[in-house]
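Thanks for coming, everyone. Let me walk you through one protein model. Have a look at it first.

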Amino acid sequence: MNKLTVKDIAVSGKKVLVRVDFNVPLDGSGRITDDSRITASLPTIRTILDGGGRAILCSHLGRPKGRVVPEMSLRPVAEHLADLLGAPVKFAADCIGEEAEQKANALADGQCLLLENLRFHNEETDNDPDFAGKLASLADLYVNDAFGTAHRAHASTEGVTKHFDRSVAGFLIEKEIEYLGRALANPARPFTAILGGAKISGKIDVINNLFEKVDNILIGGGMAFTFFKAMGMEIGTSLLEEDKIELAREILDKAKSHSVKFLLPVDCVIAAELDEDADLKIVGINDIPADMKGLDIGPDTLKLFSGILADSKTIVWNGPMGVFEYAQFSLGTVAMAGQMALATDNGAVSIIGGGDSAAAAIKAGVKDRITHISTGGGASLEFLEGKSLPGIAALTDAIIEV
Ligand code: AMP
């Protein structure tokens, strides 16, 4: 990575502002139901504390939209983090202001402070320079380890860096960029992208960028049906983006002129309605009745896609193959996760771009057999689109020796 990292700075005796992604799910009683985002940031936090640094952690949680929402307080996270670190974690009830300043200044070497939810202030998402300055004034050095918000130019990810001589990446960001970056820049081939999810519009930039890089694109999920419509086929009441039919046609033409294999489902699971108890049928893609909708890929598609994965050496996946939130339409997505794990066992590098596909890998019980599961759905998508992520672009460049 061409950015400085936490390994490049001397933290001993320094106050280090660390932007982490502690946007964890909480149940109604403030219990953390999945702490993987916290555990993912532990290597960076431990490195700072073990190096005699004074860590001042900041994060958002949920979407409080500039108001103090007690259910979105980071206080339970401070308690949980203390358990994970086996050391106390201090907490400041506001991320800027007198209490935060006092608590930051009172830290001893190797101690840790967590600031309250950044998004209790609208100035955070507005990237307000004054707010960024106040946040930065708490510390001597800045580390960004929040890949999940790296695609946003917020005060704590972008504005704040203007106030530090050195702004560096944490280990989590370093790892994300290493895997995603290597896959795009220098992939082992054949390189296959699996794209699913609801809409073409959400994935069009990824499709266009990947056309230039991959050998195979496998399409599943709701967006497949707009392609079928563009091919003049009957799609029943399946999800359709009427205004994207032309775009779908252009992509299909582009696929013909590139040497990329662009594969759509050959069969699907259909039902009259999206319902837990709906009667299901598996039909060939040309046989969708006018009053039914496609809600998952079928077994023949799975076989076709699995064959491509088995021959692939790099696989990137973003987006479910069906309405995986419903058990009976989740089989295609869960099975794809399994096939991806199998390909990984056989030597492929596999990368899941966060969000729904990451949830599917967990559901399939194959999380540990995937090379890399991104912690940032939106950020990894923008990376795959070939866009520069503002939170990473703002970090200090490493000087590359020639
Ligand atoms: P995205 O955010 O674009 O990746 O889309 C994810 C959503 O796509 C999930 O909530 C799925 O339920 C939905 N989805 C996947 N396949 C289908 C389908 N065949 N019909 C309708 N929605 C789908």
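A quick definition before anything else: helices (H or I, at least four residues) and strands (E, at least two) are DSSP runs, numbered from the N terminus. Now the ground rules. This is a predicted model, where local features need pLDDT of at least 70, side-chain atom pairs count only at pLDDT 80 or more, and totals for chains, interfaces and linings use all residues. Residues are numbered from 1 along each chain as its sequence is written, and side-chain values use heavy atoms, with hydrogens and water left out.

Start with two backbone details. K65 sits in the loop between β2 (54–58) and α2 (75–85). K65 is not a glycine, yet its phi is positive, about 55°. Next, P190. Its loop runs between α6 (171–185) and β7 (191–195). The peptide bond joining R189 and P190 is cis, with omega about 5°.

Now zoom out to the domains. The protein is divided into domain 1 (6–175) and domain 2 (187–384). Those bounds come from an automatic or database domain assignment. Taken over C-alpha atoms, the centres of domain 1 and domain 2 are 36 Å apart. Their contact (heavy atoms within 4.5 Å) takes 9 residues from domain 1 and 8 residues from domain 2.

How much area do domain 1 and domain 2 bury between them? About 660 Å², with 64% of it on carbon and sulfur atoms. Buried area here is the accessible area (1.4 Å probe) that two parts lose on being put together, summed over both. On the domain 1 side, F147, H151 and K175 supply 67% of the area buried against domain 2, more than any other three residues.

On to helix packing. Two packed helices are described by the angle between their axes and the distance between the axes. Axes are lines fitted to C-alpha atoms, for helices over the stretch in contact, and angles run from 0 to 180 degrees between N-to-C directions. Angles under 35 degrees count as roughly parallel, over 145 as roughly antiparallel, 65 to 115 as roughly perpendicular and the rest as oblique.

First pair on my list: α10 (residues 299–311) and α11 (residues 331–345). Their axes come within 9 Å and cross at roughly 20°. So α10 and α11 are roughly parallel to each other. From α10, L302, F305, S306 and L309 meet a set in α11 that includes A335, M336 and M340. That contact has 7 nonpolar, 3 polar and no charged residues. For the classes, Ala, Val, Leu, Ile, Met, Phe, Trp, Tyr, Cys and Pro count as nonpolar, Asp, Glu, Lys and Arg as charged, and the others, Gly among them, as polar.

Next, α13 (residues 377–384) with α6. These axes come within 10 Å and cross at roughly 30°. Therefore α6 and α13 are roughly parallel too. I177, L180, G181 and L184 in α6 meet S380, F383 and L384 in α13.

Helix α13 also packs with α7 (residues 204–211), at an angle of about 40°, with axes 8 Å apart. Are α7 and α13 roughly parallel or oblique? They are therefore oblique to each other. V206, N209 and L210 in α7 meet L381, F383 and L384 in α13. By class, that is 5 nonpolar, 1 polar and no charged residues.
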